[in-house]
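Here is a short report for a first look at this structure. Please keep the sequence and the model in view while reading.

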Amino acid sequence: MQSRSNPALTSSATQVESLGPARFDSPLRLPAESFVTPSDRVLWSSNTKDIEEFSKAGQEIPSFEAAGPRQSLFFDPQVARCGIVTCGGLCPGLNDVVRALTLALRYDYGIHNVLGFRYGYAGIPLSTPHEPILLTPEIVSNIHNAGGSVLGTSRGPQDIGAMIDGLLKRDLTTLFAIGGDGTLRGAAALADEIAKRKLPLNVIGIPKTIDNDLQWIERSFGFESAVEEARRSVSAANNEATSAFNGIGIVKLMGRYAGFIAAHTTVADNDVNFCLIPEVPFALAGEMGLLKALERRLALRHHAVIVVAEGAGQDLLPPSNTTDASGNKKLQDIGRHLCDAISSHFRAQHIAATIKYIDPSYLVRGLAANAADSEMCLKLGQHAAHAALSGRTNMLVGYWNQRFTHVPIALAVNGRKQVDEMGELWHAVLETTGQPRRLHG
C-alpha cells in the first residue's frame with residue numbers, strides 16, 4: 001500500500017476532529033449492524049510485515065476511521081443547512097459528486113437547504129456577484145451525464161473571515177469542499193478558524209485530483225476516466241507511428257509531480273515503448289540517454305510511441321518563474337521540447353523520422369465520468385453526507401485498503417503520493433515497454 005511518499009503512520013495522526021458529542025438519532029432506517037461504530041477501523045497497511053513491526057515494538061497499529069452512517073448525529077437534520085463548492089481544475093466526476101451529495105442530504109436526511117456556491121471559493125463571500133444556487137433533486141437529476149462543473153470553478157485563495165461571514169449569513173452548518181491539495185489546504189484553514197471561534201460549523205473535504213497524487217488516498221475520482229481516455233490518444237499515436245517509416249508518436253499526459261496516469265496508461269495500452277514520469281529522471285543525450293535508446297528502437301522496429309507526464313524532464317528545460325492563481329508553478333512544455341530535441345537529433349544523424357505530437361489534457365479533464373468513477377463519486381458523496389451530519393470536521397472522505405475512510409486533511413496534504421521507482425507499478429511499466437530502468441547520459 002505504500003508509495004514513494006507514503007511512510008508509516010502514527011495512530012494519533014489519523015484521529016479525526018469532531019464538533020462535539022452526538023445527541024440526535026439518525027433518521028436512516030437501517031439495521032443496527034449497518035451503522036458504523038468507533039471500533040470500525042481500516043488498517044493503514046495490508047502487509048503483514050508492517051503490522052508485525054508495530055506489534056514487536058509494542059506500538060498501536062495505525063488505522064483510519066471507517067466511513068459510513070452513524071446511529072447518532074451531532075446535527076439535527078431538521079435544521080441543518082449545507083453548502084457545496086467545487087474548486088481548481090476540472091476533473092471527470094465533479095457533477096456526479098455534487099449530485100450524490102444533494103440526493104443523499106435530501107433523501108437520507110431530509111435536508112432541503114443545499115446551496116451550490118458558484119465559481120469556487122470566490123462564490124462564498126457576501127461580496128460575490130454570483131449568488132449561490134439552491135440545489136434540488138430536479139436541478140441535479142441529469143448533471144452527471146455531462147463533464148465540467150455545473151457550479152463552475154476557480155483557483156486562488158479567498159479571505160477566510162469573508163468566507164466564514166458568507167457561510168454564517170446564510171445559516172449554513174456544513175461546507176463540502178470538492179478539490180485538490182490547494183482546495184483542501186484552504187478548507188483546513190477555514191476549519192481551523194471556525195474552531196478558534198467555536199462555531200457549530202463543519203468542513204468536509206472530497207478529494208479531487210486527476211493525478212491521483214494525494215497521500216493516503218488509494219484512488220481518487222476521475223482517475224480511471226482519465227486513464228481510459230488517455231488510451232485513445234496512445235492508440236492514435238501508435239497508429240500514426242506504425243503507418244510511417246520511422247514514425248514516432250509522442251503523447252503528453254497530465255501529472256505535474258506524479259506519473260500515475262502515464263504509468264497506468266502505459267500498462268493498460270501495451271503499445272508504449274518509453275514512459276517518462278517526474279519521479280524517474282532521464283537524460284536526452286549520451287549513449288544511455290533517451291535519444292540513443294530511441295535510435296536503437298527505430299533501427300529495430302522502425303516505429304516508437306513515447307508517453308510523457310507533463311511534469312517529467314523539467315530539469316531539461318529553462319526554469320519557470322511564474323505561477324497560476326493557486327500558487328502552482330507553471331510547467332514548461334516537455335512534450336514540445338521532446339519533439340524539437342528528437343527532430344534535431346535524427347536530422348543531425350541523417351535519419352528520416354516522422355513525429356506526431358498529441359496533447360489530450362483538456363479533452364481528458366472535461367469528460368463525463370466513466371462507470372467506475374461514477375460509482376465512486378456516488379459513494380464519496382454519500383459518505384461525505386454521513387460524516388457531515390455526525391459532526392466530523394477538517395477531514396476528507398478517502399479510499400484506502402478497499403474501504404472508504406475518514407482522513408484528517410492535514411495528513412492528506414502533508415506531502416505527495418508518487419510512483420515508487422522500486423515498486424510494482426513501475427516494474428510493470430518497464431516490463432511492458434522494454435525501456436531501460438534508467439535513461440541516463
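In β13, the residue bridged to Gly-249 is Val-305. The model shown is predicted.

How many residues of β13 are buried? The count is seven of the seven, so the strand is largely enclosed by the rest of the structure. In a regular strand, side chains alternate between the two faces of the sheet. In β13, His-303, Val-305, Val-307 and Ala-309 point one way. Ala-304, Ile-306 and Val-308 point the other way, and all of these residues are buried.

Asn-273 sits in the loop between α7 (260-269) and β12. Asn-273 is buried, because its relative accessible area of 9% is under the 20% limit. A polar atom of the Asn-273 side chain lies 2.8 Å from the backbone nitrogen of Val-305. Beyond its neighbours up to four places away in sequence, Asn-273 touches Arg-297, His-303, Ala-304, Val-305, Thr-433 and Gln-435.

Now the cysteines. How many disulfides does a search of the whole structure find? The search finds zero.

| Cysteine | Relative accessibility | Closest cysteine sulfur | Sulfur distance |
|---|---|---|---|
| Cys-82 | 0%, buried | in Cys-87 | 17 Å |
| Cys-275 | 2%, buried | in Cys-339 | 16 Å |

A second sheet comes next. This open sheet has nine strands, in the order β3-β4-β17-β16-β10-β9-β6-β7-β8, with mixed pairing. Its edge strands are β3 (41-43) and β8 (133-134), each pairing on one side only. Strand β7, residues 114-116, pairs with β8 in the antiparallel sense over two bridges. Leu-115 has Leu-134 of β8 as its bridge partner. Helix α5, residues 181-197, lies across β9 (174-179), β10 (202-207) and β16 (395-400). The helix runs at about 160° to β9.

What about the nonpolar interior? In soluble globular proteins, nonpolar side chains tend to be buried together. Here the largest nonpolar core has 70 residues. Ile-84, Phe-176, Ile-178 and Phe-221 have the most contacts inside this core. Setting aside residues up to four places away in sequence, Ile-84 touches a list of residues including Val-98, Leu-101, Val-114, Leu-135, Leu-151, Phe-176 and Ile-178. A second, separate core has 38 residues, among them Leu-9, Ala-66, Leu-115 and Leu-172.

Leu-151 deserves a separate look. Leu-151 lies in the loop between α3 (137-140) and α4 (160-169). Is Leu-151 buried or exposed? With 0% relative accessibility, Leu-151 counts as buried. Neighbours within four places aside, the residues in contact with Leu-151 include Ile-84, Thr-86, Val-98, Gly-116, Phe-117, Arg-118 and Tyr-119. Ile-133 and Leu-135 are also among its contacts. Leu-151 and Cys-82 are 69 residues apart in sequence. In space, their C-alpha atoms are 15 Å apart.

Technical notes:
Residues are numbered from 1 along each chain as its sequence is written. This is a predicted model: local features need pLDDT of at least 70, side-chain atom pairs count only at pLDDT 80 or more; totals for chains, interfaces and linings use all residues. Side-chain values use heavy atoms; hydrogens and water are left out. A nonpolar core is a set of buried Ala, Val, Leu, Ile, Met, Phe, Trp, Tyr and Cys residues joined through side-chain atoms within 4.5 Å. Buried means under 20% relative accessible area, exposed over 50%, partly exposed in between (1.4 Å probe, protein chains only). Contact means heavy atoms within 4.5 Å. Helices (H or I, at least four residues) and strands (E, at least two) are DSSP runs, numbered from the N terminus. Two strands pair if DSSP finds at least two bridges between them. Axes are lines fitted to C-alpha atoms, for helices over the stretch in contact, and angles run from 0 to 180 degrees between N-to-C directions. A disulfide is a pair of cysteine sulfur atoms within 2.5 Å. A polar contact is a pair of N or O atoms within 3.5 Å; within protein, one must be able to donate a hydrogen and the other to accept it, and residues adjacent in sequence count only if both atoms are side-chain atoms.
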